[in-house]
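Morning, everyone. Please bring up the model on your screens, and I'll talk through it.

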Amino acid sequence: MSSLKKCFNIRSRDFIHAGEASITVQQLLKQMCIDPALIRRVAICGYEGEMNVVMHGGDGLYCVEINSDRIVLEISDQGPGIPDIPKAMEKGFSTASDEHREMGFGAGMGLPNMDKNADEMFIESVPGSRTRVRMSFFMEK
Amino acid sequence: MKLSMLVEILEALFLCGEDLSDIEIDKAGASDLMSDILAALSERSVLLTGLTTIQAVKTAVISGVTAIVFVRNKKPEPDVVALAEMHGIPLLSTPCSMFVSCGRLFDAGLTGLKGIR
Ligand SMILES: Nc1ncnc2c1ncn2[C@@H]1O[C@H](COP(=O)(O)OP(=O)(O)OP(=O)(O)O)[C@@H](O)[C@H]1O
Ligand SMILES: [Mg+2]
């Protein structure tokens, strides 16, 4: 399989379209006959990451790269950034607003779910400027 | 159990996906927190929730949930139903509360998401 890369825009606070990039990628991976368990992990991580950008970040980009040995997701935004990454990674930590909570978000479980489901995860953030989350998923040989 | 059986047990009605009433369900999960659902739910499972937002359906699509039951007679907006229909996820609405819905389904033999009861 040759390498394939696709990117989608994510708009901050656009809850109507939030999740569309993740669902589109999930369908693309299904068409490519990739292992359903792997697709599930990629879909969950992508969706949690996409929702984080919509809720907490600024406008951003959702990119997926599909190679023969791995799938890489990179979700970045022009956000306010994350001041304390270890704290943000803790189960239950959340700065979600009441509006987010009414929609079922704000459990503080998104980043921990991503960490659990990705084979590798890397977060980089410049407070006041941007955030980038990169996750890799290895294909079974 | 078949989805049609679950409909009977919960005195529920289909908002969409009635053609899928032969589908098999053996697990159930109840939550109003999207991250909980994403962490736990999967195939052959039904999601019981009080949340009728479009994100509830998107979360179900991502996690592979088979069907959604809205408790306490809640019904989502038409655009939410349309999205579920497009993704082949039956939506049901039951007059039962979350507690009573879970109790009845547990009684009928459904397990939790990890197969425990
Ligand atoms: N892209 C981002 N930009 C700025 N802050 C972020 C970003 N992603 C996460 N955060 C911060 O990290 C916290 C924890 O994120 P996490 O996804 O674990 O939980 P949550 O989004 O608050 O709730 P949940 O994901 O369970 O709905 C957020 O509340 C927010 O403060
Ligand atoms: Mg989150």
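I'll go through the interface, then a helix pair, then one arginine, then salt bridges.

A reminder before we start: this is a predicted model.

Start with the contact between the two chains. Chain A puts in 25 residues, and chain B puts in 18 residues. The area buried between chain A and chain B is about 1700 Å². Carbon and sulfur atoms give 56% of that area. Now look at chain A's share. Ile23(A), Arg40(A) and Tyr47(A) supply 32% of the area that chain A buries against chain B.

Salt bridges are another matter: the rule finds 0 across the interface of chain A and chain B.

Which elements build the chain A side? Those giving two or more residues are helix 1 (20–31), helix 2 (36–56) and helix 5 (110–117) of chain A. Helix 2 of chain A has the largest share, with 6 residues. By type, the chain A side that touches chain B divides into 12 nonpolar, 8 polar and 5 charged residues.

Now the helix pair. Helix 2 of chain A packs with helix 3 of chain B, residues 54–63. Their axes are 8 Å apart, at an angle of about 150°. The cut-off is over 145 degrees, so helix 2 of chain A counts as roughly antiparallel to helix 3 of chain B. Who meets whom? From helix 2 of chain A we have Arg40(A), Ala43(A), Ile44(A), Tyr47(A) and Met51(A). They meet Gln55(B), Lys58(B), Thr59(B), Ile62(B) and Ser63(B) in helix 3 of chain B. That contact divides into 5 nonpolar, 3 polar and 2 charged residues.

Next, zoom in on Arg40(A), in helix 2 of chain A. Which residues does Arg40(A) touch, leaving aside neighbours within four places in sequence? They are Leu38(B), Leu41(B), Ser42(B) and Ser63(B). The Arg40(A) side chain reaches the backbone oxygen of Ser63(B) at 2.5 Å.

Last, salt bridges over all chains: the count is 11. One of them joins the side chains of Glu74(A) and Arg134(A), at 3.1 Å, N to O. Glu74(A) sits in strand 3 (residues 70–77) of chain A, and Arg134(A) in strand 5 (residues 130–138) of chain A, so this pair ties together parts 60 residues apart in sequence.

That's it from me.

Technical notes: Residues are numbered from 1 along each chain as its sequence is written. Chains are lettered from A and ligands numbered from 1 in the order in which they are written. This is a predicted model: local features need pLDDT of at least 70, side-chain atom pairs count only at pLDDT 80 or more; totals for chains, interfaces and linings use all residues. Side-chain values use heavy atoms; hydrogens and water are left out. Contact means heavy atoms within 4.5 Å. Buried area is the accessible area (1.4 Å probe) that two parts lose on being put together, summed over both. A salt bridge is a side-chain nitrogen of Lys or Arg within 4 Å of a carboxyl oxygen of Asp or Glu. Helices (H or I, at least four residues) and strands (E, at least two) are DSSP runs, numbered from the N terminus. Ala, Val, Leu, Ile, Met, Phe, Trp, Tyr, Cys and Pro count as nonpolar, Asp, Glu, Lys and Arg as charged, and the others, Gly among them, as polar. Axes are lines fitted to C-alpha atoms, for helices over the stretch in contact, and angles run from 0 to 180 degrees between N-to-C directions. Angles under 35 degrees count as roughly parallel, over 145 as roughly antiparallel, 65 to 115 as roughly perpendicular and the rest as oblique. A polar contact is a pair of N or O atoms within 3.5 Å; within protein, one must be able to donate a hydrogen and the other to accept it, and residues adjacent in sequence count only if both atoms are side-chain atoms.
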